[in-house]
Amino acid sequence: MLKNSCYHCGNDCDSNPIYKEDKPFCCNGCKTVYEILHENDLACYYDFEQSPGKIPEEIKGKYNYLNDVKIVEKLYDFVDNEISVITFYIPHIHCSSCIWVLENLDRLNKSIISSQVNFPKKEVRITFNNSKVNLKQVVELLSSIGYEPFISLDDTVNKGKVDRSLIYKVGVAGFAFGNIMLLSFPEYFQSNEFWLERYKPLFRVIIFIMSLPVVFYAATDYFVSAYKGLKHKILNIDVPIVLGIIVLFLRSTYEIAFDVGQGYFDSLSGFVFFLLLGKLFQEQTYSFLSFERDYKSYFPIAVTKIIENTSEKSISVYDIEKGDRLLIRNNELIPVDGILITGFGQIDYSFVTGESMPVSKESGDKLFAGGKQLSGAIEMEVLQTVSQSYLTQLWSNDIFKKESSYGIKNLTDSISKRFTIIVLLIAFISGIYWYFIDVGMVANVVTAVLIIACPCALALSAPFALGNMLRILGKQKLYLKNTGVIEDLSKIDQVIFDKTGTITTNKTKITFKGSALTKLDNTLIKSVLRASNHPLSRMLYEHLVEDPILKVTNFKEELGKGIEGDIEGNYIKLGSSDYVGGIEKNTLQTVIFVSINHDIKGKFVFDNTYREGVTSLFSDLQKSFELSILTGDNEGEKKYLESHLPKGTHFIFNQKPEDKLNYIKQLQRAGKKVLMIGDGLNDAGALAQSDVGIALSENINVFSPASDGIIDARQFTLIPRFIKLSQQTMKVIKISFVLSFLYNFIGMLFAVTGNLSPIVAAILMPLSSISIVIFVTIMTNILANKK
Amino acid sequence: MNIIFLMISVSIIIAIVFFILFIKSVRSGQYDDLHTPAVRMLFDDEFITKESQKTPKSKSIKPIQNK
């Protein structure tokens, strides 16, 4: 059997590929996209990458709300009488073909004026002529080529301007550093040349002027941070930094004002420059992800409201009122709590409550916000507005509002306290010592000690080590919010997993228990299943291999119970135990019983598939951490879990989101440091409460709850290694602290004996910084490559 | 050697000009996205259109070989 992969999206074409111009496609959708691109001379799309496309999704009626001006006005970047500019987030952007086709949209529709892609953010900015084409048509065009934008409630929130101040500051410091070093060179060599002496004042004045923006603009962040620290009575690392800067500046100004020496402006500007570089390096952000997502990025902007029983209107989600009637289509989200009026409700709550199987609802049943409707359209009546619904109430929990308390949060700050005190002591003691020897030297020595003790190397160790490790982890598909998470990760001793979606995948495994079914039996079953839209029916339909070629008569579907039909004299019934006439009472597993001609053959059992490597992952982790599984699902899986996971793992079922949060709070009160790994909205509170919360995601472009880090599901088994890497990084930082103390010690020798000169400082400071940075970077790279 | 005054002033002025240009270009936002321009640079401007493929005498677009 030829294995054909679709020319457009790369998926397997199975047994019946669709051919066009000798190219195989897996479905009509892909073939259509190919045709669209080909007709418009955009076939080069396929030249850049292999199978760059995606199966386009059904979007009929989905974007009707874009016609309502009020709903969409907040989405635009710019609107006037002729032109509209809008930025869309398109998760499918992943390669150069995507960039190419999206920047050539004007060939698909002449009213689109231009489009520009921002690849790291996966955004495209489209400028179009709004008198000739409207927003809905633009979105439908994008969807038709497989690049459907992801529009959520979060897009109506104004994001604010880009902050580039750090880059400016680095620019100022770098500019000043280079020029001051250049102008300082003549004086290093202390030759008594006439011309040197004549221009010395000029050089010094220029140097002084250039150092002003360094101290008063580029270094301001450090002043602010040190001030805040002192206000809270904490000596963080910025305190000795600021002390060093101030002493450097004052002493140097004094020296050139009274013609005592050339000052230390070169060391000052170099110092500030390196520190700012460290800060810049540390600030790695993943612009295509967001660690701050709340329910707003999960919810749609608008829903369809039914007015007077017949007409439909799109209204913004915030305008939903109690008593409104809403139409929820297939695969759409239920935005508010309400009651089901008409239609068959099959709601997938896995993201919200962690229940793995969809829940059936009938007319009159209560529906909660956050579930996804799976089988066809339903009408519902609203009971609560968006802000009052159960789901959004989850976010009003205090844990999300808590501003992180101010304190010693990391290793560098805890060292800095002792460091500052020791330095001040040394300065004091040497001051006293020299007082008795040569009073004139006191000021010299005290300031020299404070200058040379500048914690440049100390302050650079952590940013470069952590910044490099952050990038390394990102390459291995663990995306952390900031460098602080690495440190928190190294301290944990408890690991908690969510079950649904985290250690299980969303693929279901179907096994048959009972007397063996013949091929004919399967064909009969599959033919009956064909007529049902129930998600379980569809899953079973895909699972059975035979062709459903037989014709069914008298097909009946009873919601929540089962389906039946006649085929060529055979009477087939599929459904719950009661429906089929059996006596088994099993409420925990999801099953479909089969009876053919009133003879119960057996049952199909639907199981979650566990991710590959779960067992070895847990036994790995068990060696160093205490493990727990917290899940919103019922105890149906308990036996399986107990047999496959190591002894000592705690299992706790039926956890509501608040329960998970409280369990973690309890552990923390007992002094434990908790790592929580989850995937859905129901884990959001737990993820925020834990010391490190990591969201697991099958497709990182799609919503994940607010967390400290996001891990791609394929790297799931590497979690123990990531924890080990973070522990090792902290060791590297500690070693580099020792190295930087060595430099400080050598520098102190010079300072205390009164031998500190500008040239010594100018050599020692960059040397220590650069060597620490190189050491730390090499060590972290070695750690990452070690297997 | 009084020329030094002139030389230093001129070099400082040039340095400041470059510095201002640096600030301006960062502000314009062109460095916010460092990845896409690198890819965009490699795209061809001209397309192989159907007309140019069928009739080589067509004066619309010069066929440019892709790949």
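**Close-up views of a predicted two-chain model**

**View 1. Asn554(A), an exposed residue of strand β19 of chain A.** Asn554(A) is exposed, with 9 other C-beta atoms within 10 Å; here a residue is buried if 20 or more other C-beta atoms lie within 10 Å of its own, exposed if 12 or fewer, and partly exposed in between, with C-beta atoms placed from the backbone. Although Asn554(A) is not a glycine, it has a positive phi of about 55°, and it is found in strand β19, which covers residues 553–558 of chain A. Helices (H or I, at least four residues) and strands (E, at least two) are DSSP runs, numbered from the N terminus. The model is predicted, and local features need pLDDT of at least 70, side-chain atom pairs count only at pLDDT 80 or more, while totals for chains, interfaces and linings use all residues. Residues are numbered from 1 along each chain as its sequence is written, and chains are lettered from A and ligands numbered from 1 in the order in which they are written.

**View 2. His598(A) in a loop of chain A.** The loop that holds His598(A) lies between β22 (590–596) and β23 (599–610) of chain A. His598(A) is a residue other than glycine with a positive phi, near 65°, and it is exposed, with 9 other C-beta atoms within 10 Å.

View 3. Of the 787 residues of chain A, 41% count as buried.

**View 4. The side of chain B that touches chain A.** Chain B has 3 helices and 0 strands, and of its 67 residues 0% count as buried. In the contact between the chains, 20 residues of chain B meet 20 residues of chain A. On the chain B side, α1 and α2 (36–40) each supply at least two residues, and α1(B) gives the most, with 7 residues. The residues of this side divide into 11 nonpolar, 4 polar and 5 charged, where Ala, Val, Leu, Ile, Met, Phe, Trp, Tyr, Cys and Pro count as nonpolar, Asp, Glu, Lys and Arg as charged, and the others, Gly among them, as polar.

**View 5. Helix α6 of chain A and helix α1 of chain B.** The axes of α6(A) (residues 165–188) and α1(B) (residues 3–27) come within 10 Å and cross at roughly 165°, which makes the two helices roughly antiparallel, a term for angles over 145 degrees. Axes are lines fitted to C-alpha atoms, for helices over the stretch in contact, and angles run from 0 to 180 degrees between N-to-C directions. From α6(A) the contact takes Ile167(A), Tyr168(A), Gly171(A), Phe175(A) and Asn179(A), and from α1(B) it takes Ala15(B), Phe19(B), Phe22(B), Ile23(B) and Val26(B). These residues divide into 8 nonpolar, 2 polar and no charged.

Methods: Parallel < 35°, antiparallel > 145°, perpendicular 65-115°, else oblique. Contact = placed C-beta atoms within 7 Å.
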